Amino acid sequence: MKTFCGRANPTTGAIEWLEEDENYDYHQEIARSRYADMLHDKDRNVKYYQGIRAAVSRVKERGEKAIVLDIGTGTGLLSMMAASAGADFCYAIEVFKPMANAAVKIVEKNGFRDKIKVINKHSTEVTVGPDGDMHCRANILVTELFDTELIGEGALPTYEHAHKYLVEEGCEAVPHRATVYVQLVESKRMWSWNKLFPVHVKAEDGEKIIVSPSDMENCPGVPSVCDIQLNQMPSSDFTILSDVVTMFSVDFSKPVSSASTYYRVQLEAVKSGKAQIVLSWWDIDMDPAGMINCTMAPYWAKSTSDFQWRDHWMQCVYFLPNEEPVLQGEAVYLTACRDAYSVWYTLQKAREGESKAGVRVESPVCRCQAHLLWNRPRFGQLNDQNRTHQYIKSLMKVLQTDSVCLCISDGSLLPVLAHYLGAKQFLKANNLEDKIKIIEARPELLTSSHLEDKKISVLIGEPFFTTSLLPWHNLYFWYARTAVTSHLTSDVTVLPQSASLHMMVVEFEDLWRIRSPCGICEGFDVQTMDDMIKNSLNFRESKEAEPHPLWEYPCKSLSDPQEVLTFDFRKTVPQHCVSTEGSVNLVRKGKSHGAVLWMEYNLAADISISTGLMQISNEKGNCEWNPHCKQAVYFFSSVIESETLSDLPSAVTYAINFDTKTGEIAMDFKL
Ligand code: SAH
């Protein structure tokens, strides 16, 4: 069956109807899933196996049959572990149909057909009884339903239901318990993802400061979790204000409640500073005694021997509603509120904290709109003074007192900057009064009356659009520029004047795992899963690049960066395709996992900004990436490895095609 899906093309802006195969979403979900990452997570797998063996033994020691309920079985891995550990029978529940089908195949291939029943249902639909899905309640409950925030994937309601209907009282649970830890910190870097800092503009008539309105200052922001690879945050980027403390824990072997609640701990500030951020992570004990522990603690809070890279579980950054000064030795109360799916934090000074009245149990709701318009990386980008300075310098080059400007970018501060820098008239496609007019129209629907019959002499954009996922989606600026051509003066200045696509071949320290086949996992053959992922990745004729914020994923450059395509914004989008072919020389030994692509914008003569590579920091080739942008990663289908430079293929050839009709960039690499 084919279905038509309507969407706005992120690059061209056109509304188009795409004929999608009904399996497209399935394939997307599998191709981009975290299954491979989980199967590569040795630490997790080993500890689950240990915990499951111990639980089966405890049940057997009591002289009972071991009946396992594995909720969210995925590949069937944990059920196969249980069956191998001597469980008498396993019910493996999986709601996602393609995964349930894969689990059936994997279970069969590994010879567990008689021991494991795969049930393709959501656990809350599972029935127990002689004619039910399960013949009896289970006495061992095994799950892996956790996300970085622990409860974001619905673990609590699932456990709540399972204890009521699917497992026996006093059952064994693997994991047995989860504990959430917190640490209070001050961090200008992380705080800049949540609040707009004053912007300093040096204009001819002195310095001006753009400040955010008070409703933005006091806005509690949005409740969505900010999950990052905290291990990539250097200790110089934050100041620790408290010890690591236990915020709350959940015992999975007892009935669990998903009802909203709060937990409170008293902290003593170990340093004076501004309490802004709560860093949080969790660990799970696979056994009641806590001997088998799997932790997400970041580098400064655990011994390095424990280290396991993983992307499916990271760490959380929570923003306090307001920054709060604390003095060394001072006692403060930290409150964690949670509903069934998310957690948020508030801080009270000791005295007010003594009463429960101060607890704000409702989750934060953005009142200022900014947190809805700007996501965390975008806040960080707008707060990047270096970046702002590049725009100011370029605006000063192109603006004249009689300039009529049009800005095309989402939620941009450029119009305000340009206004302070002296542009007389300012028209912007989205925000501010008086001197700045917001036009609520799509570029192709712009009329001369919107522009008060003036012609635009300066067209500017960052460019930035909230709909952009991949770096080249911001080429929408070029399409918009083309659509407004009739309103531009003949000698219009366009800023940026051009963009260029850059590419570099890299070796990832760890990110390669998320797309790498697993083969055998803890002795179980999961190749069916590998094949399924491969099939989904190849579902579209041409493989696609995927967006990743590379500051979180260290890599080493194996080739020099190369400019591969340029887009001249001074001209309109051409009718024909823009394509290029070439090769890049490999200059370092290593594994060529893939190519990274990013855009650079040439704002004005000699001033350009990169949304990708900032620099190659040493002779080993370690890369530094723009911390506010996602770069495009194209994983090669086969990895080439070389121990020495001499056995390296000397170059990687590429063919890249920009289809100006569809706005799509297709690429192919040969090693
Ligand atoms: N147990 C596997 C896979 C874990 S991923 C392993 O450890 O490797 C979690 C899986 O649980 C996903 O496949 C998801 O589709 C499924 N899932 C989540 N909640 C569920 C529920 N309540 N009922 C059934 N399946 C669920």
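Predicted model: local features only at pLDDT ≥ 70, side-chain atom pairs only at ≥ 80, totals over all residues.
How many residue pairs are in polar contact across the interface of domain 2 and domain 5? The rule finds four, with both residues at pLDDT 80 or more; a polar contact here is a pair of N or O atoms within 3.5 Å, where one must be able to donate a hydrogen and the other to accept it, and residues adjacent in sequence count only if both atoms are side-chain atoms.

View 1. Residues are numbered from 1 along each chain as its sequence is written, and side-chain values use heavy atoms, leaving out hydrogens and water. Domain 2 covers 34-144 and domain 5 covers 498-670, with bounds from an automatic or database domain assignment. Their C-alpha centres sit 38 Å apart.

**View 2. Where the two domains touch.** Here 22 residues of domain 2 are in contact (heavy atoms within 4.5 Å) with 15 residues of domain 5. Together the two domains bury about 1700 Å², meaning the accessible area (1.4 Å probe) lost on being put together, summed over both. Carbon and sulfur atoms carry 72% of that. On the domain 2 side, L39, H40 and K109 lose the most area, together 33% of what that side buries.

View 3. The side chains of K42 and E522 form a salt bridge, at 2.9 Å from N to O.

Definitions and conventions: Salt bridge = Lys/Arg side-chain N within 4 Å of Asp/Glu carboxyl O.
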